[in-house]
Protein chains: 2
Amino acid sequence: MLSDIEICRTTPLSSINTIARQAGFLDTEVVSHGTYKAKISLKALKRCQTHAKGKLILVTAITPTPLGEGKTVTTIGLAQGIAKLQHSVMACIRQPSMGPIFGIKGGAAGGGFSQVAPMESLNLHLTGDIHAVTSAHNLAAAALDARIYHEQRQGYEAFEARTGMTALKIDKVVWKRVLDHNDRALRRITVGQNELGKTVNGYEREDGFDISAASELMAILALASDIHDLRTRIGKVVLAYNLQGEPVTAENLQVAGAMTVTMKEAIEPTLMQTLEGVPTLIHSGPFANIAHGNSSVIADNLATSLSDYTVTEAGFGSDMGFEKACNIKAQASGQSPDCAVIVATLRGLKANSGNISLQPGQPIPKELYQPNKDALLKGFENLKWHINNVTRYGIPAVIAINRFPQDSEQELNELVKMVKALNYPVEVAISDAFSQGGEGALQLAEKVIKQCQTPTAFQPLYSLSQTLEEKLMKIAEVGYGASNVVLSDQAKKQLQQLTAQGYHSLALCMAKTPASISGDPSIKGAPRGFTLEVNELKLCAGAGFIYAVCGNIMTMPGLSDRPSYMNLDIDQNGDVIGLS
Amino acid sequence: MLSDIEICRTTPLSSINTIARQAGFLDTEVVSHGTYKAKISLKALKRCQTHAKGKLILVTAITPTPLGEGKTVTTIGLAQGIAKLQHSVMACIRQPSMGPIFGIKGGAAGGGFSQVAPMESLNLHLTGDIHAVTSAHNLAAAALDARIYHEQRQGYEAFEARTGMTALKIDKVVWKRVLDHNDRALRRITVGQNELGKTVNGYEREDGFDISAASELMAILALASDIHDLRTRIGKVVLAYNLQGEPVTAENLQVAGAMTVTMKEAIEPTLMQTLEGVPTLIHSGPFANIAHGNSSVIADNLATSLSDYTVTEAGFGSDMGFEKACNIKAQASGQSPDCAVIVATLRGLKANSGNISLQPGQPIPKELYQPNKDALLKGFENLKWHINNVTRYGIPAVIAINRFPQDSEQELNELVKMVKALNYPVEVAISDAFSQGGEGALQLAEKVIKQCQTPTAFQPLYSLSQTLEEKLMKIAEVGYGASNVVLSDQAKKQLQQLTAQGYHSLALCMAKTPASISGDPSIKGAPRGFTLEVNELKLCAGAGFIYAVCGNIMTMPGLSDRPSYMNLDIDQNGDVIGLS
């Protein structure tokens, strides 16, 4: 079989203006960036305000292995399958982060015959949204350190007299800097260092960089309903605390306007197409462990306003992106999924047995592709857990078994039987979206369309009016099945402070390992009776949630000793090679 | 008079495809980014290879005040004037850096009726070139620290056995990180810090960030002749030295391909238009003190291949960007200017008298606009110096006196007389490009066209085959008029090392204050007999020059206590306000 980039290069594509018209956008709403990409003006949002909304299909997965289960492939393939059944359909996915592309992951545009094209445009820069988030984020950081510098160097009174502004008296900075790279050396740094006795470079303090996708601004981009909501949310972002322990916001620093201006184009989704011409909106960034990991409210709103079916994707397993889609995103947008697709693979289920170890950067153990009844049975518990998790929200589900070429036909059929034997009100289909595109996802598409007709009874796990503690307990105990939650002393103190500061009605975004349903990445399958440890609570007042750090969550990845950037180059025609 | 952004918003513009056709680009060479911006494919370079070249006009200035002398206004206005005289013309300017836009400068698209439009597109992100440079630069930095981490943690032998690669044994890193912000707290930092006894974040070392425009990759972008030359130059970039003191290049680190891929779109100039529809290519970044400060070789090549006249701009005074245009850029491209325009203002000349102090961030002293014969006479020495400097290279010159509304007509005429009285073979014209657009630059355009017919006898100051020391002496003594050059012990040692390492045939890029012809920013006018101090020599092997640091050169600006980001916001329509 051809490589992803070869398939992508040899597939004829339509111009993005044709795709946009086909999707129902007016020419005046489409700002093309070259032949195959376009920004969609938010004028379209206004026009479509009163449209009846199509069905929203959310693709999630079992607890994923480090290699991924093919969720994007299934999302794109399913959308192509629905198109082949002559329904109007759009896909909504997130923009890949360049850090992991240069690191271990390679491209993130789907794969095989189910890709968003051109894949190198999607994977590299796209239309600059992540760069805009990086720029707006770091503007606030520079503004903060500059303000501290001028206030401290001049003295508060002199500063107020000279500038006519009120001194912010910043005491503690909580806003780190960001870059879209896997750069472990920036995780923990000291800034503002000077030669002895000088202060020309500001005041020394400990700081660090996160990867851009972990920025609160990325979460805001995904949740904002329009540019004015973006502006309001950015104004609320808490950057620091003053000497009295009160929050210092971007509004207080008078930088919220400039940050919004910097993200003015990023708030518009980018339109692309799949290899089979399905219109696809790309918006907001990845990472469902440290952020909420879903495509944007704006993109979903546009797609469901214009098409009968919208297929979107939530990061990692259903304990991660799917939970956040239901409890954070749906509560913000008022729009909940009409059907969930749970992607499973034989490989992934066997890895979930805990019997076979799979490490990032290491070759895939061959035994993962060999029939292994015992491992499958054990790993199946994980799938069962995710089915129960999804249906708990009142959302009908379809299990998509994503086939790998090495898989045994017999074992695949065995898995189908196991699902059917559960006698749950779910559907199951084998997907050949990777090797056959939409044609390979026809059965899946039919079952999804069928489930979309089932009446939903959507019910989030908690309501925003509950206390922060209640919300946390609900996610941990009902959502994950933990027997109890242990808060560190720091987290307990933060819980009190956040409640006292009036942030009690925010949602909770769990920053948890995606490698286990529990907080411990080594526990596979469907663990029960575990304790969830919460180390820290972080305020994202602009995004509208409090981010609960469970265990050791890395917000800046590192590069391995054989990173994938080594494969990337240009060929004699100046075309990209080495991206897959 | 209306503000710049108001003028820009109320001026009707043509679609960029119309502008592109008018400029002589084929539709297949134009990748539009919305209605008013397009990337120009380098296919155009190949097609135009054999075209006869039009005249290249380089706009420079007297020693500028911190407020600028209106060089971009004059560049755009002159191009518009030439167009009004029915000649085919294009302008080539650099992309503004967002750091200074948020800092003190506001926009950098020209002003009044001589602007590149839409000005907010030019000033913010444009087509992402600076972001691409930032990304490629920081990829190399992340790759470097990751390699050090893996080699040291595993041990050299184990690393080689495990990865099959040769250990680079990196000892000293010379590649800093970059961001497009004015962020003084990042000038000097410590990276790779860990909790006691751990090394998960790499190894601690001192580091720092420069502003992105100061990246060697930006200089490379401006000097590369095509994407393959870009790839070759990036491969040569020296990132570090190993335990044997030998250079470690981007090629050695196997990251040069990925860096090139990251800059694949940045190598294509962006086409925009002036308010009067003159096609304008935007390419590479600003900063003629710490970089070479000129538009790109590729943009000049395209523009001169397709139009009779190309107007481009070099940063700061003629001792800075113009010198580098002649000695670095022209020696790399083989294309030298046919005419130089020296922009002077009454305000700037009076400031150059040294009698009136002008500080960034402070209100402009009113006396700068009042007739002051003594100050003008003294400051005129500076203009004389720049005329001599330009004509020394064998390039015919025109003095453009950029009028401010507050200027006295009588004093302007006095200045014209003073220039004429010199009896130099130069022309002089008053420019009203700001208030009248091309109409206000007609006389200037006529004189420039006349001077373009004068045969040139271009002569760079030095040839690349001279020793590094000879080149340095030439620029300092002949170029600046220094009586001698003093190298620090460090610079002396570096001169020997660079020569020994085979880098003796590179050009020299002087990192000097733009505020004086000497190395001391407080010395105004036309100083003579001064000593130039060189503190440090830095290798830019990919750009093809050695960067000589004279005095205290800041490579990362800071924000003032009343930065211009505070003015920026969106209005009720979602449009940008506060950019000028």
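This is a predicted model: local features need pLDDT of at least 70, side-chain atom pairs count only at pLDDT 80 or more; totals for chains, interfaces and linings use all residues.
Residues are numbered from 1 along each chain as its sequence is written, and chains are lettered from A in the order in which they are written. Local features need pLDDT of at least 70, side-chain atom pairs count only at pLDDT 80 or more, totals for chains, interfaces and linings use all residues, and side-chain values use heavy atoms, without hydrogens and water.

**View 1. A salt bridge joins D183(A) and R177(B).** A salt bridge is a side-chain nitrogen of Lys or Arg within 4 Å of a carboxyl oxygen of Asp or Glu. Here the N to O distance is 2.9 Å. D183(A) sits in the loop between β8 (177-179) and β9 (189-191) of chain A, and R177(B) in strand β8 (residues 177-179) of chain B, so the pair joins two chains. Strands are DSSP runs of E, at least two residues; helices are runs of H or I, at least four; both are numbered from the N terminus. D183(A) is buried at 1% relative accessibility, and R177(B) is buried at 0%. Buried means under 20% relative accessible area, exposed over 50%, partly exposed in between (1.4 Å probe, protein chains only).

**View 2. R231(A) pairs with E251(A).** Their closest N and O atoms are 2.9 Å apart. R231(A) belongs to helix α10 (residues 227-236) of chain A, and E251(A) to the loop between β13 (247-249) and α11 (256-262) of chain A, so the pair ties together parts 20 residues apart in sequence. R231(A) is buried at 15%; E251(A) is partly exposed at 39%.

**View 3. Salt bridges link five residues in a network: D145(A), R177(A), R205(A), D207(A) and D183(B).** Over all chains, the structure holds 50 salt bridges.
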